[in-house]
Amino acid sequence: MEFNKLIPELSVKDIQKSKKFYLDVLGFQLIYERIEDQFAFISLNGAQMMIEQCNGHWQTGKLEYPYGRGINFQIEIENIEILLENLKKHNIPLFRDLMTNCYSGFTQKEFIVQDLDGYLLRFCQSY
């Protein structure tokens, strides 16, 4: 397996609930996990992330909801409509509705959803 040059590791409140959200709702795949460390390495369409239940190892200050203040992660996917339907099916609200944006000569559809711990995930599909 090849690792990306940048792989964010997100501290989460409840690893089991987060795994269910990322795997069952968003469609990520579990690449590997260390159950004893409450850690999971997940991937979607080449985007790699790590999630780990809060353990104090990485905290630089008091951790309060929403954890991801000031950051959003853009994740390119192949079919944005399928993910939107799955979010609706699970009654997950969008943080920002589906929109079309043009950036320096390319166009993409995108929306933002907030995960269980408050991290913002911007899913996009270029066309």
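By class, seven nonpolar, five polar and two charged residues make up the lining of the largest pocket. In this grouping Ala, Val, Leu, Ile, Met, Phe, Trp, Tyr, Cys and Pro count as nonpolar, Asp, Glu, Lys and Arg as charged, and the others, Gly among them, as polar. The model is a predicted one, in which local features need pLDDT of at least 70 and side-chain atom pairs count only at pLDDT 80 or more, while totals for chains, interfaces and linings use all residues. Residues are numbered from 1 along each chain as its sequence is written, and side-chain values use heavy atoms, with hydrogens and water left out.

The largest pocket holds about 240 Å³ of space. Here a pocket is an open set of points on a 1 Å grid over the protein atoms alone, where a 1.4 Å probe fits, with protein on both sides within 12 Å along at least five of seven lines; lining residues have an atom within 4 Å of a point. Grid points are joined across faces, edges and corners, and the volume is the space filled by probe spheres set on the points. Of the 14 lining residues of the largest pocket, S11, W58, L63, Y67 and Y119 are the closest to its centre. Strand β1 (residues 9-12) supplies the largest share of this lining, three residues. Strands (E, at least two residues) and helices (H or I, at least four) are DSSP runs, numbered from the N terminus.

The second largest pocket has about 180 Å³ of space. Its lining is formed by L6, P8, L44, N45, G46, A47, Q48, M49, F73, Q74, I75 and E76. Two or more of these residues come from each of β4 (47-53) and β5 (72-76), and β5 gives the most, with four. Sorted by class, seven nonpolar, four polar and one charged residues line the second largest pocket.

Seven of its seven residues are buried, so β4 is largely enclosed by the rest of the structure; buried means under 20% relative accessible area, exposed over 50%, and partly exposed in between (1.4 Å probe, protein chains only). Both faces of β4 are covered, with A47, M49, I51 and Q53 on one side and Q48, M50 and E52 on the other. Strands β1 and β4 run parallel and are joined by four bridges (two strands pair if DSSP finds at least two bridges between them), and V12 stands opposite Q53 in β4. The pairing of β3 with β4 is antiparallel and spans six bridges, with F39 opposite E52. The hairpin of β3 and β4 has two residues between the strands, and N45 takes a positive phi near 55° there.

Which atoms does the side chain of Q48 in β4 reach? One is the backbone oxygen of E2, at 3.0 Å, and another is the backbone nitrogen of N4, at 2.7 Å. These are polar contacts, that is, pairs of N or O atoms within 3.5 Å; within protein, one must be able to donate a hydrogen and the other to accept it, and residues adjacent in sequence count only if both atoms are side-chain atoms. Q48 counts as buried because its relative accessibility is 9%. Not counting residues up to four places away in sequence, Q48 touches M1, E2, F3, N4, I7, P8, F41, I42 and S43, where contact means heavy atoms within 4.5 Å.

The loop between β2 (29-34) and β3 (39-44) contains Q38, which is partly exposed, with a relative accessible area of 35%. Leaving out residues up to four places away in sequence, Q38 touches I15, I51, E52 and Q53.

Helix α1 (residues 15-25) has I15, S18, K19, F21, Y22 and V25 as buried residues. D14 caps the N-terminal end of α1, placing a side-chain oxygen 3.0 Å from the backbone nitrogen of Q16. After α1 comes G27, with a positive phi near 90°. In helix α2 (residues 80-89) lies N86, which counts as buried at 16% relative accessibility. N86 touches D24 and V25, not counting residues up to four places away in sequence.

The hairpin of β7 and β8 has five residues between the strands, including G118, whose phi is positive at about 100°.
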